[in-house]
Amino acid sequence: MPPTQAESVIRSIIREIGQECAAYGEIVSETLIAFMVKAVVLDPSNGFNMDRTLMKSDVQNLVKLCMTRLLDTKNPSLDTIKMQVYFDMNYTNRVEFLKEHHRVLESRLGSVTREITDNRACAKEELESLYRKIISYVLLRSGLGSPTDIKTVREVTAALQSVFPQAELGTFLTLSKKDKERQLKELTMIVTGIRLFNRDCGKGGEGIDDLPAVLHVAIPATMQHIDYQLETARSQVYRYTAILEKAANDPHMRAELQPYMLKEALYNIRQYEVFLQIILSDIITGAQEVEMMTKQLGAHLEQLKMTIKSKTAVPTSQVFPIFIALSTLWTSLQDETIVVGVLSNLFTHIQPFLGAHELYFPERAMQRHLNGATVKTDVCRMKEHMEDRVNVADFRKLEWLFPETTANFDKLLIQYRGFCAYTFAATDGLLLPGNPAIGILKYKEKYYTFNSKDAAYSFAENPEHYIDIVREKAKKNTELIQLLELHQQFETLIPYSQMRDADKHYIKPITKCESTTQTDTHILPPTIVRSYEWNEWELRRKAIKLANLRQKVTHSVQTDLSHLRRENCSQVYPPKDTSTQSMREDSTGVPRPQIYLAGLRGGKSEITDEVKVNLTRAVDET
């Protein structure tokens, strides 16, 4: 069947189902009907073949099945699907919501802006009319007061005339359209800053609410209310889980609980808990932003007071940037007010989708089945198995991640919204939170947590088997597709809010390990050419110099007087002190020689007789 023909068939089916529901007094949105049609077709028990063209009997059967499910007001699954569809159609993250909000404001101001930028006023009355339009524009864009309030208009007029007198309209009209729009926005911010400063000084601020005070009351009250509802929902979840755990080992009790649809009720309240956490997270972020902006607002106002003091004239270069900063902060506070209001309204409108749990499972029946069961919180379940960690050595082909080995451990996208895959598959749909401290299993680029070490080992033996069981269970209970975030497996049922966040599905773990590296200082020999010159003009200068040198001759002359003045240098080795040291010190005493000669003077005889007498003592006698 061609795509256009298939779309027309689906539209006709949706239209027919809507008319049938209206005949029974139920007004159902087309979005909910379309979701239900896809859910019925996905359920294998209904016998629809996705690859075969729908016959007339198939269409009638499809309409009948959808009608049955849409009119079953006592089914928790329908309430959960309605809650999911409503939340998906009405929730947007803060950044996209504010972007869309500003776009809507710009579109609403479009006609007023065009009246000003396209104006070709010449006469005095036309210029006065244009000036009044600019005043209205400033009021509408700032959102501080009504253009019909005389006091507010007078205050804005006085502030605008102080920075943009009517006499400057002629210059304004000569600007291009873009420059006019830019100047209008700048004038709005400056006038808004002036009004906020006057309000702080007690000299004006007509029609301006005390947004910081309003937000400091509204945000804590909203958070407290959501916290209370969140704790109530969790208490109900823990009781349902305890009963289902008890029934998992008791076939008789399991048969007795079948009419109560307790698992469907658990899915309903678990989905409610998830949505409350999303809303609460956004409100907490808003509270942090408001606290930061309030401090900045006070600092800018104090800076203005110190700058202006009692001066009659202040340079615009000093005060205009502060006025603009004040206006920007106030606009952000206005945005936060709208965000808190929208989130509070969303929180209020998803409460009816909880359904009447008292009707599904009366308190008396619940207390009877809770006898002998231990009610545990999610935190208690995690603490029980905090020390039981997976031994990586037991799995050679599987990768396990732990906090100490993975840098972005807390940012990984866990499959099934963090619930234990093995417990869900083994107990036919029981939701127990997984404990990341046991170890996160990485399987085919996806990450799984488990509520116990035994569950982790059992799942790791045959992951595909348990993944298939979860997928088949989701086909029968379509609300699980969004609750367990199975959108990649059922692309035709991806909600818009999940399509916007598709990027987060590709977060990869950043593993950590102890390692060292060593690099040689110079791996390759240097290839720097010192004579290289990149400047063309420097090369020309050198070429001209060399060309000139070819035409020159060097002469040298030395005279009798100049030869003495030349500089000479010589290199000598300075004397060095040396010394030696023997192994031992010793001394000797040598006897003094004593030798006497006699007969040297001669005598009476002609022959001289010389007598030599050696009286030196022997060495060994000394």
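Predicted model: local features only at pLDDT ≥ 70, side-chain atom pairs only at ≥ 80, totals over all residues.

Trainee: At what angle do α9 and α13 pack?
Mentor: Helix α9 (residues 177-201) and helix α13 (residues 316-350) pack at about 85 degrees, and their axes are 7 Å apart. Helices are DSSP runs of H or I with at least four residues, strands are runs of E with at least two, and both are numbered from the N terminus. Axes are lines fitted to C-alpha atoms, for helices over the stretch in contact, and angles run from 0 to 180 degrees between N-to-C directions.

Trainee: Which residues make the contact?
Mentor: Among them are Met189, Ile190 and Phe197 of α9, and Phe320, Phe323 and Trp330 of α13. Contact means heavy atoms within 4.5 Å.

Trainee: Changing topic, where is Arg417 found?
Mentor: Arg417 is in the loop between β1 (399-401) and α17 (421-426). Its phi is positive, about 55 degrees, although Arg417 is not a glycine. Most residues other than glycine have a negative phi.

Trainee: And where does Lys444 lie?
Mentor: Lys444 lies in the loop between β2 (440-443) and β3 (446-448), and its phi is also positive, near 55 degrees.

Trainee: Is Lys444 buried or exposed?
Mentor: Lys444 is exposed, with a relative accessible area of 58%, whereas Arg417 is partly exposed at 24%. Buried means under 20% relative accessible area, exposed over 50%, and partly exposed in between, with a 1.4 Å probe and protein chains only.

Terms used. Residues numbered from 1 in each chain as written. Heavy atoms only, no water.
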